[in-house]
Amino acid sequence: MNQLTTQLTHQEAVERAREIASQLRSRFKLSEELCRQPEETIQNFIDAGLIRAMVPKRWGGHELDFNTLFKTGVEIAKADPSAGWCYTLLVVHSWMLAYFPEEAQRDVWEKDLDATIASSFAPFPTNEITPVDGGYQINGTWGFSSGINHSDYVMIQGNIGVNPENGLANEVILMLVPKEDFEVQKTWKTVAQRGTGSNNILLKNVYVPKHRTTDMLAWCQKGEGPGRKLNTGLLYSHPLYAAMPVCLSSAILGASIGAYELWRDTMKNKVSTRNTKVADFTHQQIRVAEVSAILAAAEALLESTVARLGTGEPIDTHEKLRIRRNYGYVAKLSNQAVKTIVDYSGAGIVYEGNPLNRYWRDVQASSMHITFNFDWLGEMFGKMELGLPLSPKDAAIS
């Protein structure tokens with residue numbers, strides 16, 4: 001097994017994230033131009049040891065918790081929203097691999113403890129996944145795979161067969177595929193989150209052995225996975241969607257805080273067309289108080305949610321949906337804060353050269369991710385709170 005000479009502490013990880021953030025600002029425009037993260041940025045994450053933050057100690061990782069993902073993710077996203085998005089996904093995907101069978105972990109981490117992993121939970125309806133001897137034969141396209149250009153592997157969701165009685169898939173699995181088995185399609189031409197490089201991937205007649213798959217239903221409902229036989233710590237015991245969204249929640253919150261800090265600091269020396277200091281306007285002073293309070297509330301909500309994951313108390317369906325509601329509301333508050341900033345930034349924010357324009361676009365796009373769809377999350381939580389049954393699909397995979 002790979003071994004580290006030293007184990008990172010939580011505080012050391014946060015300090016390293018801050019150091020990387022100071023370098024990211026010089027690449028702020030480059031990631032947009034490339035429509036992906038620069039290789040230097042990914043190497044920064046690797047060299048700092050942060051890719052290993054949530055890798056089990058038994059493999060030579062740091063086995064740090066979701067609080068470290070939260071705090072480091074905020075620091076990275078403050079400097080560059082898309083870099084924060086990609087960073088948090090890289091870290092959480094390594095955490096996810098710990099739930100896969102031991103042989104899949106060995107396939108990845110015995111070769112390279114710093115292996116980078118992307119994901120896609122967006123299979124096209126026409127995809128074909130055929131059970132064959134020892135595994136599955138795969139043909140199809142998967143979308144929205146953030147950071148796929150810099151990834152050695154991808155985890156893709158597969159829906160196998162359909163139950164004619166309820167229209168649900170007979171099996172829902174997550175499959176681990178190495179980069180030599182997929183083709184990246186350059187489809188990511190967007191007005192926002194350009195630096196995430198969330199391209200499509202194409203798989204043609206790809207064989208995925210059974211040991212590189214795991215049952216998503218058991219994971220989502222009970223926090224179960226074959227990797228837990230050896231990775232027995234609390235970190236590897238959570239239902240998937242009760243814990244995974246910490247990554248994207250940290251990224252959108254960090255980006256919103258970054259937007260606020262830039263807006264606040266710029267305002268200190270900004271002069272209006274009437275040669276008046278903008279900081280002297282009472283309404284601007286009030287907006288600063290309002291935005292900072294919104295973000296403080298979002299940060300407190302996410303902090304308490306992350307702390308809940310560390311208690312070791314069981315997470316039933318009702319509690320899981322309460323946690324997911326929190327992630328959605330963190331995104332809603334973050335977006336609200338940035339929209340207020342935009343409303344009180346003047347017409348200059350429409351220029352692409354204005355860095356606030358980038359924060360605005362990226363936070364808006366981030367808040368539209370299905371993870372944060374508050375109508376859906378609110379409906380599920382509201383049903384549980386009012387004693388009503390979930391739909392069969394939501395009960396299975398939420």
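Visitor: How do the axes of helix 9 and helix 10 cross?

Guide: Helices here are DSSP runs (H or I, at least four residues), and strands are E runs of at least two, numbered from the N terminus. Axes are lines fitted to C-alpha atoms, for helices over the stretch in contact, with angles from 0 to 180 degrees between N-to-C directions. In this predicted model, the axes of helix 9 and helix 10 come within 11 Å and cross at roughly 160°. Helix 9 is therefore roughly antiparallel to helix 10, a class for angles over 145 degrees.

Visitor: Where is Val278 found, and is Val278 buried or exposed?

Guide: Buried means under 20% relative accessible area, exposed over 50%, and partly exposed in between (1.4 Å probe, protein chains only). Val278 lies in the loop between helix 9 (246-267) and helix 10 (282-309), and counts as buried at 8% relative accessibility. Not counting residues up to four places away in sequence, Val278 touches Met267, Lys270, Val271, Ser272 and Gln284, where contact means heavy atoms within 4.5 Å.

Visitor: What is the order of the open sheet of 4 strands?

Guide: Strands of a sheet pair through backbone hydrogen bonds, either parallel or antiparallel. Here the order is 2-3-7-6, with antiparallel pairing; two strands pair if DSSP finds at least two bridges between them.

Conventions
Residues numbered from 1 in each chain as written. Predicted model: local features only at pLDDT ≥ 70, side-chain atom pairs only at ≥ 80, totals over all residues. Heavy atoms only, no water. Parallel < 35°, antiparallel > 145°, perpendicular 65-115°, else oblique.
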